[in-house]
Amino acid sequence: MTRARVLLLNSALGPLDYRVPREMTVEPGSIVLAPLGPRQLAGVVWEPDKMPSDAEVGDNRLRNLVGAYDLPPLAAPLRRLIEWTANYYLAPPAAVLRMALASASALDGGRTAIEYRATGHVPERLTTQRQQALERIGERQGLVRELAAIADVSDGVIRGLVKAGAIEAVEVAVDDPYPMPDPTFAPPELSTEQKAVADTIVTAVEAHAFQPYLLDGVTGSGKTEVYFEGIAAALAAGRQSLVLLPEIALTEPFLKRFEARFGHLPVAWHSDLRQSQRRRAWRAIASGEAKVVCGARSALFLPYRDLGLIVVDEAHETSFKQEEGVMYHARDVAVMRASFEQVPIVLASATPAIETRQMVEIGKYRELKLPGRYGAAQMPTIAIIDLTQDEPPKQRWLAPSLVAAIEETVGKREQALLFLNRRGYAPLTLCRHCGHRFRCPNCTAWMVEHRLMARLACHHCGHVMPPPAACPECHEEDSLVACGPGVERIADEVSALFPEAKVAIVTSDTIWSPAKAAEFVNRMEAGDIDIVIGTQLITKGYHFPNLTLVGVVDADLGLQGGDLRAAERSFQQIAQVAGRAGRGSKPGRVFLQTREPGAPVIQALVTGDAESFYEAETESRREAGAPPFGRYAAIIVSSEKLDEAVETANRIGLSAPETEGMMVFGPAPAPLAMLRGRHRQRLLVHARRALDVQDVIRIWLGALEWPRGVRVAVDVDPYSFL
């Protein structure tokens with residue numbers, strides 16, 4: 001090969017052609033270093049027919065490749081996945097490729113790296129930023145820029161702490177081999193139903209053929225143990241397995257269960273890894289040494305040498321949808337990767353998404369059922385607390401009957417869980433004197449009070465500020481009042497009602513890493529927590545045999561707003577959190593506090609008639625032509641200048657093509673009309689299922705131009721309508 005087409009890690013560019021020097025050998029998939037102006041960028045050699053270029057030049061104008069990395073080429077199935085993802089989600093191919101080459105340091109060959117960690121020494125000059133840095137870094141270790149990002153301070157603050165002796169440099173090894181999980185280490189005793197399902201998955205792994213499975217099992221039915229047998233079959237054949245989890249906080253419980261089954265931990269991949277850990281994991285995955293990988297959605301694009309099985313755990317979870325950058329859905333892309341790799345894929349869920357159920361209905365996926373809990377464990381009883389009849393006292397949020405149930409549970413030395421999917425102390429702070437409401441200066445969103453951190457925070461852009469002593473509008477002191485409950489407010493109420501109980505709050509503010517998750521799990525298993533108050537983070541993946549009571553503080557919360565998936569999401573979330581109760585030998589109870597006891601979602605949960613609920617939801621989607629029976633694509637226009645955003649959105653709307661089977665709604669201001677200082681307008685494309693809506697949008701937007709300060713993003717199959 002004397003001429004190579006290279007896809008560079010620059011999303012603003014298409015593929016470029018380079019000359020291959022005589023002493024260099026490359027092939028499609030080779031990772032190379034190429035010149036671009038005065039710079040040098042990494043890229044991947046691609047087949048010209050798969051990656052057409054608009055910038056072809058003659059051989060005499062080609063520049064030489066600088067070098068080729070001593071790494072295995074990206075295999076053809078991964079290259080096809082990158083092409084498909086870029087085409088389906090209307091993303092630059094280079095942006096997708098960047099997820100495959102997710103560790104820049106992994107491309108180089110050094111075996112050690114210099115990282116930094118806290119020494120425990122407190123410097124004499126302790127500024128607010130230095131104190132914040134040391135508190136947030138804790139026991140973490142990483143590069144200067146990584147620690148600065150964790151602490152939300154500048155690199156200079158970290159370097160100053162290094163000079164002061166509060167942070168020290170350490171040399172770390174990056175390429176130690178991973179221990180090999182043993183498929184025969186501790187095989188479980190499976191029930192008859194579990195074994196039949198496990199045998200089906202094992203047979204599919206051994207057949208080395210594409211087959212999507214929906215593993216539909218109630219909470220506590222042993223889905224993890226079943227798909228572990230598929231992983232054991234892949235290990236026995238010397239092949240790799242990938243398990244995708246929706247939250248990095250869930251990796252710790254999974255890792256413990258995996259180690260108990262296979263004797264060693266899998267290779268973890270998530271955003272909390274240090275650079276040296278990412279480098280080591282990436283190279284082990286590319287070489288085939290890493291046999292089992294457990295990770296967040298980004299693990300899907302890593303360069304596996306020989307995949308044998310893909311598992312998507314909690315496959316219904318909306319957090320598998322990436323909301324920025326390449327806006328892909330990991331569940332759907334995982335199915336495509338399994339197809340390109342010709343391996344089976346297991347979508348495991350107790351509450352499958354309607355889209356997945358429909359694929360079973362039309363015969364594209366095969367369903368595997370686990371209808372009962374494993375062993376002696378039984379499904380919990382679910383009861384309604386009608387808040388119009390059993391009303392909490394003023395400025396309280398827990399109904400008397402729920403308080404009595406908590407008292408009984410704690411009295412028996414069992415554990416209780418209260419669920420409210422709302423972080424912080426209160427969702428809104430206002431002035432009782434003039435009515436001023438605290439709004440984020442960068443977003444059209446209310447500032448949420450976080451009393452534990454003494455901050456008002458925006459949950460959309462991250463802006464924080466200390467609560468002022470006086471109202472900024474009328475300057476009245478001591479006039480600010482918290483409106484509504486968040487988990488911190490519920491925790492205060494619980495502490496007042498049960499002063500002797502040990503209480504824990506579980507949210508993304510308190511469980512932000514696998515280490516924090518491990519600490520929480522250890523405390524729960526040791527009986528060091530009596531009552532947990534948590535958000536959606538606590539609804540999945542955790543197994544606490546002594547947790548026998550679940551109280552849903554506001555079962556109606558998720559039904560608010562116009563989200564087409566609101567009812568389905570509420571059902572999934574409440575069913576999942578209810579499934580935390582009674583997972584051992586002790587029976588479980590669940591109480592749903594609601595002001596709408598007759599709502600279909602609430603009735604389906606109480607009666608256990610999930611099928612009727614899903615049938616009704618599916619039929620309403622079918623009538624509306626909504627997914628999975630139709631297609632949606634959102635076009636989001638944003639700019640720091642309101643007039644630019646509005647003008648561009650109007651121009652896009654006026655130039656919308658008249659295509660049969662497609663309608664365009666808008667433009668209109670987005671529900672979050674400003675986000676991170678940018679004004680936002682939205683258009684929604686609604687098309688019939690068979691229409692190639694991506695091609696229509698590509699041609700439509702490709703014919704338009706807009707000011708440099710304007711961004712136009714396309715979200716295919718959107719999950720958020722904010």
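A: On a 1 Å grid over the protein atoms alone, a cavity is a set of points where a 1.4 Å probe fits but cannot get out. Its volume is the space filled by probe spheres set on the points, which are joined across faces, edges and corners. Please note that this is a predicted model, where local features need pLDDT of at least 70 and side-chain atom pairs pLDDT 80 or more, while totals for chains, interfaces and linings use all residues. Residues are numbered from 1 along each chain as its sequence is written, and side-chain values use heavy atoms, without hydrogens or water.

Searching the whole structure turns up two cavities of 30 Å³ or more. The largest cavity has a volume of about 60 Å³. Its lining residues (an atom within 4 Å of a point) are His316, Thr318, Ala353, Glu355, Arg565, Glu568, Arg569, Gln572 and Tyr719. Helix H15, residues 566–578, is the biggest contributor to that lining, giving three residues; helices are DSSP runs (H or I, at least four residues) and strands are E runs of at least two, numbered from the N terminus. Sorted by class, the lining of the largest cavity holds four charged residues (Asp, Glu, Lys, Arg), two nonpolar ones (Ala, Val, Leu, Ile, Met, Phe, Trp, Tyr, Cys, Pro) and three polar ones (the others, Gly among them).

The second largest cavity comes to about 40 Å³. Around the second largest cavity sit Tyr178, Pro179, Met180 and Pro181, along with Leu265, Pro266 and Val267, and also Glu289, Ala290, Lys291 and Val292. That lining counts nine nonpolar and two charged residues, with no polar ones.

Now for an open space. A pocket is an open set of points with protein on both sides within 12 Å along at least five of seven lines. By class, the lining of the second largest pocket has 18 nonpolar, 14 charged and eight polar residues.
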